[in-house]
Amino acid sequence: MTTAQTILAVALSLVFLPLGLAKVAAVPFMREAAAHVGMSTGLYRIIGTLELAGAAGLLLGLASAPLGVAAAAGLALLMVAAAVVHLRQGDPPVRALPAAVLALTAVAYAGVAITAG
């Protein structure tokens, strides 16, 4: 495990844990976000659960690299899908940028974890 791997895992987890919890709890701003992109609250809760699982997987990946790589891959795919949903919704590209940055960060974590062996 490298310092970069630890920093990326913790940083990504600090982003995905509160976002996932907010989606699962269906707080008002998350219900509005779901409605904006045409998703049900139930589907948004599923996405939140996947984000929570990914964050947990990243942290557990500090002890088991394959688990961390799998979690990072899942989160990267989830964020690519989020960016696509925003663009298809007609949002300006800047609305898809956070998801794209998170996807790239997850890929960077996976690359560091794989390289570290």
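This is a predicted model: local features need pLDDT of at least 70, side-chain atom pairs count only at pLDDT 80 or more; totals for chains, interfaces and linings use all residues.
I find 20 residues lining the largest pocket, and Lys23, Tyr44, Glu51, Ala82 and His86 lie nearest its centre. Elements giving two or more residues to this lining are α1 (3-25), α2 (28-36), α3 (41-60), α4 (65-88) and α5 (93-116). Helices here are DSSP runs (H or I, at least four residues), numbered from the N terminus. I note that α4 gives the most to the lining, with 6 residues. By class I read 15 nonpolar, 2 polar and 3 charged lining residues. Ala, Val, Leu, Ile, Met, Phe, Trp, Tyr, Cys and Pro count as nonpolar, Asp, Glu, Lys and Arg as charged, and the others, Gly among them, as polar.

**Pocket volume.** I noted a volume of about 540 Å³ for the largest pocket. A pocket is an open set of points on a 1 Å grid over the protein atoms alone, where a 1.4 Å probe fits, with protein on both sides within 12 Å along at least five of seven lines; lining residues have an atom within 4 Å of a point. Points are joined across faces, edges and corners, and the volume is the space filled by probe spheres set on them.

**Salt bridge.** I counted 1 salt bridge (a side-chain nitrogen of Lys or Arg within 4 Å of a carboxyl oxygen of Asp or Glu). The side chains of Lys23 and Glu51 form a salt bridge at 3.1 Å, N to O. Lys23 sits in helix α1 and Glu51 in helix α3, 28 residues apart, so the pair links distant parts of the chain. I checked burial: Lys23 and Glu51 are both buried (under 20% relative accessible area; exposed is over 50%, partly exposed in between; 1.4 Å probe, protein chains only).

**Nonpolar patch.** On the surface I found a nonpolar patch of Val10, Leu14, Leu17 and Leu59, with about 310 Å² of accessible area together. Patch residues have over 30% relative accessible area and no salt bridge, and nonpolar side chains (Val, Leu, Ile, Met, Phe, Trp, Tyr) are joined within 5 Å. Areas come from the Shrake-Rupley method with a 1.4 Å probe. Helix α1 gives the largest share of the patch, 3 residues. Val10 lies in α1. Val10 counts as partly exposed because its relative accessibility is 35%.

**Arg45.** I placed Arg45 in helix α3. Arg45 is partly exposed, at 37% relative accessible area. Arg45 and Ala100 are 55 residues apart in sequence and 21 Å apart in space, C-alpha to C-alpha.

**Method.** Residues are numbered from 1 along each chain as its sequence is written, and side-chain values use heavy atoms, with hydrogens and water left out. Local features need pLDDT of at least 70, side-chain atom pairs count only at pLDDT 80 or more, and totals for chains, interfaces and linings use all residues.

How values were computed: Patches are made of residues with over 30% relative accessible area and no salt bridge: like charges are joined within 9 Å, nonpolar side chains (Val, Leu, Ile, Met, Phe, Trp, Tyr) within 5 Å.
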